[in-house]
Amino acid sequence: MAGSQAVSVKIVSFRGIESEFVLSQNGDYDIGRSDTCFASVNAELLSRQHLVIRYLDGRVFVTDNNSSNGSIIGDLKLVGGQPYEVQLPSTILLANGSIHVELCSSTLASTTSHTNSSAPQVSPTTSQPQLGPVTHSGSENNELHQLLLIRGQVLIGRSFDCNYVIDSLQASRKHALLALADGQITLKDLDTTNGTFVNGEKISGSVSISTTDEITIGTTTFAIESGRVELEYAIVADNIEKVYARGVVGLNTMSLKIPSKQFIALMGPSGCGKSTLLKGLNGANPVTSGAITVQGLKLNNSNYNTLKKYIGYVPQDDIVHGELSVERTLFYAAKLRISDDVTKREIKDKISTVLASLNLDTDAIRKSKVCDLSGGQRKRVSIAVELLNDPKILFLDEPTSPLDPETIEDFLSCIRRLVSKGQTVIMVTHKPSDLDYVDQVIFLSKGGYQTYYGDKKQLLNHFEKDNIIEVYSMMKNPEEGQQWYQHWVSQNPASALEVKQEVLAKKSNTALIGQFFWLSVRYFNIKINDHANLLLLLAQPLIIGGLLVFIFSKLQVSVMFMMAVSAVWFGVSNAAKEIVSELPIYERERMYNLNIFNYIASKLTVLSIIACIQVAIFIAITHLAYRSVNGDANEVQLWSVSATALFMLLLSVSATLFGLYLSAVFTTTEKVMTFVPIALMPQIMLAGIIAPLDNNIKVLLSYLTLGRWGTEGFAHIQDGAARELEKWTNEKADIPASVMVRVFNPPAATNKGDATEFATQGAMQQLNLYNDNTEMVSLFPESFTGVLIAITLINVLAFGGLLLALRSKDKRFI
């Protein structure tokens, strides 16, 4: 070799450049996750000692160290333990392509041709100099421009196959294409889930752009010429006001400019409008008038679908399910919020990154159920759910309220680190000690008056007080608050702009089938993981069915009545808590992209599976108890077990829908469980068993109960099956042998008491819901078809009520 060339090595991950070094001395240089490696990279998919680069007199050999996730050069997957000679420039993909190792000459020193080596030679894929993928976090602002000038076309996306990598799961794998031809630059959106925006406007197909136009993909904004666009202000609120019904003022006119990458505390006494302002700024409960700009885009109906990706919002209550592990909670949240083309591996990597940023990335925490965590850890898991979307702004509503001082310090330190990494955080708080961690303070008084906004160090000087407690005490008085508000406005006058704020529509860009699937899977796992409750649900049919056959030795019409009541109980009790217990989660997901029909369908699907198991157990018990073991012709049994089971399942599913309606109507679990017995009493009292339906009012009320239609449906099934099997009490009179009835015989002369016997009877005849009284109202035919029509109408009413109840909750944030 006439002259040796140095070799430049650059290691790139989704986070950007991990390491850069130059090889000029012979030796082995290992790359891996271990701290003992020459180049240590903290990446979960990377093996501890993944790849060895050997530099020998200007020649480069690479050896995969039998890694778990492999190494690839071009189309060649390296065989573990075998050295390969690499021709420069080349890019080696490690760990399923999540890490790139770029090798190129550091100098242009001349070299002689190499002699043949026993190591296989790997040549670069093209003869022209290769430019590896450029990450958006790169330090050179004009690197995209240079890339476009060299290549003529630049593929932009999340995948490392792209020329310009956007490190965000909000970007599609191949998101957009930049092209330069005849001095004209065009940008094409590649039919992506979340869209591509130019200067705040969503594009369709190809558009012509300039080098200074701002391109937004996901939560990333950049320009071709200048690179990343950093906005001075994350939020600008101009002349905003909130007025509730009947003229009640929630927020008086105010204007705010919230800088990017700042930690803002929103403070004031209880009832001053802190949460109202927070929800006004993030669109959860829009202001009545004024204009709000978030990340350079107006907070309005047309932009809201885009802006919700910039916003992370953690309300006062936890927005995670306690029955799921931390890892599964974040996985399901990612599947419900992020693009469909995101792989499980990418989601896992993102979860690891988010948990690490919040000091939660340990195996013990990952595998723990959320309900087993401390209050501070649960709150951080809620924040982790929001960070999956890479939001630019994080809104926190009183996150420190339920926490102890030690937990608060740890929690706020994590938030402080997020801010140092570029996050803008706005936090509602009423704790003076939280001021130690924030940068600026917005202070409100009773009556919704803004009395201060600025540096936390100037807060006491502004109010001329010695401590923050005195400020709180003073701001409890609306009159005094109004005076300070006028003083503040005189120094910081609002603009004359008056704009009526639009109602924000939640336009979902999520695939409906995919969302239904993951909602169902998540809900199913929630139910499975709640072992104690699941055992109670499965014990219900055992206990109720056992008591039923113990009390009733014969299959009587009362048994059918109890079967109907049991089916209604299964459905209502299974569903009554299912919405109200997760209301904060529903509201947050609804605000983001939750489809109401998918939500209802997922609940109904999983609860129907549980009801199916309960019905199967219940029917098995009754069938075994009442079957005619000895073939006694005088004994009655369930003549059609399958039809009876299917009808009981229909009843239970219908009752589930009614239970979900109750769960959506009430605001607390205690209220809905208090009302459940009240809702069940008409099912019992109006079924026509306890008391006859002997006037029109009773009949009309009974039409609204599943108990009445369930009992009648079982009677029709039993009668119809008995006729098919030719089981008769009196064939000429068309009276099937469907149920057993007590027959009281006169006492014999030698007996002291009555002799009670059982005889067969028709179920509908025994039930006697219909009679020949022409004055009695009858809206449905006396048949099983009439029963199905009535149950269908009840289901329609229950579904309509459920839909309205859920939509009414939208008014809390739109």
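Select helix α7, residues 375–387. Helices here are DSSP runs of H or I with at least four residues, strands are runs of E with at least two, and both are numbered from the N terminus. The expected span of a helix is 1.5 Å times one less than its number of residues.

Now colour α7 by burial. Buried means under 20% relative accessible area, exposed means over 50%, and partly exposed lies in between (1.4 Å probe, protein chains only). In α7, 11 of the 13 residues are buried, so the helix is largely enclosed by the rest of the structure. Among the buried ones are K379, R380 and E386. G376, V381 and L387 are buried as well.

A word on what you are viewing: this is a predicted model, where local features need pLDDT of at least 70, side-chain atom pairs count only at pLDDT 80 or more, and totals for chains, interfaces and linings use all residues. Residues are numbered from 1 along each chain as its sequence is written, and side-chain values use heavy atoms, with hydrogens and water left out.

**The open sheet**

Next, show the sheet with the order β2-β1-β11-β10-β7-β8. Its 6 strands form an open sheet with antiparallel pairing. Which strands stand at the edges? They are β2 (16–23) and β8 (76–77); each has a single partner strand, so one side of each is left without a neighbour in the sheet. Two strands count as paired if DSSP finds at least two bridges between them.

Start at β1, residues 7–13. It runs antiparallel to β2, and 7 bridges join the two. They form a hairpin with 2 residues between them. Pick S13: G16 in β2 stands opposite.

Move to β10. It pairs with β11 (residues 99–105) in the antiparallel sense over 5 bridges. These two also make a hairpin, with 4 residues between them. Select A95 in that turn; its phi is positive, about 55°. Then find T91, whose bridge partner in β11 is E102.

**Aromatic rings**

Rings (the six-membered one for Trp) pair if their centres lie within 6.5 Å; planes under 30 degrees apart count as stacked, over 60 as edge-to-face and the rest as tilted. The whole structure holds 23 such pairs.

Zoom to Y164 and F222. Their ring centres are 5.4 Å apart and the planes meet at 50°, so the pair is tilted. Y164 sits in strand β15 (residues 164–165) and F222 in strand β22 (residues 220–223), so the pair ties together parts 58 residues apart in sequence. Y164 is buried at 2% relative accessibility, and F222 is buried at 0%.

Go on to F331 and W518. With centres 5.6 Å apart and planes at 80°, the pair is edge-to-face. F331 belongs to helix α4 (residues 326–337) and W518 to helix α12 (residues 512–529), so this pair ties together parts 187 residues apart in sequence. F331 is buried at 9%, and W518 is buried at 16%.

Then select F443, Y452, F463, Y472, W484 and W488 together: they form one aromatic cluster.

Two rings carry a charge over them, meaning NZ of Lys or CZ of Arg lies within 6 Å of the ring centre and within 35 degrees of the ring normal. The charged end of K603 sits over Y523, 3.8 Å from the ring centre. K308 lies over the face of Y592, at 5.5 Å.

**The annotated spans**

UniProt, in an unreviewed entry, places "transmembrane region" at residues 532–552, 596–626, 638–662, 674–693 and 784–806. Its positions follow the numbering used here, feature names are shortened, and annotations may be inferred rather than shown by experiment.

Select 596–626: the span is 100% helix and 0% strand, with end C-alpha atoms 44 Å apart. Residues 784–806 are likewise 100% helix and 0% strand, with ends 33 Å apart.

Finish at S654, in helix α17 (residues 641–665). S654 is buried, with a relative accessible area of 3%. Beyond its neighbours within four places in sequence, S654 is in contact (heavy atoms within 4.5 Å) with L706, I791 and N795.
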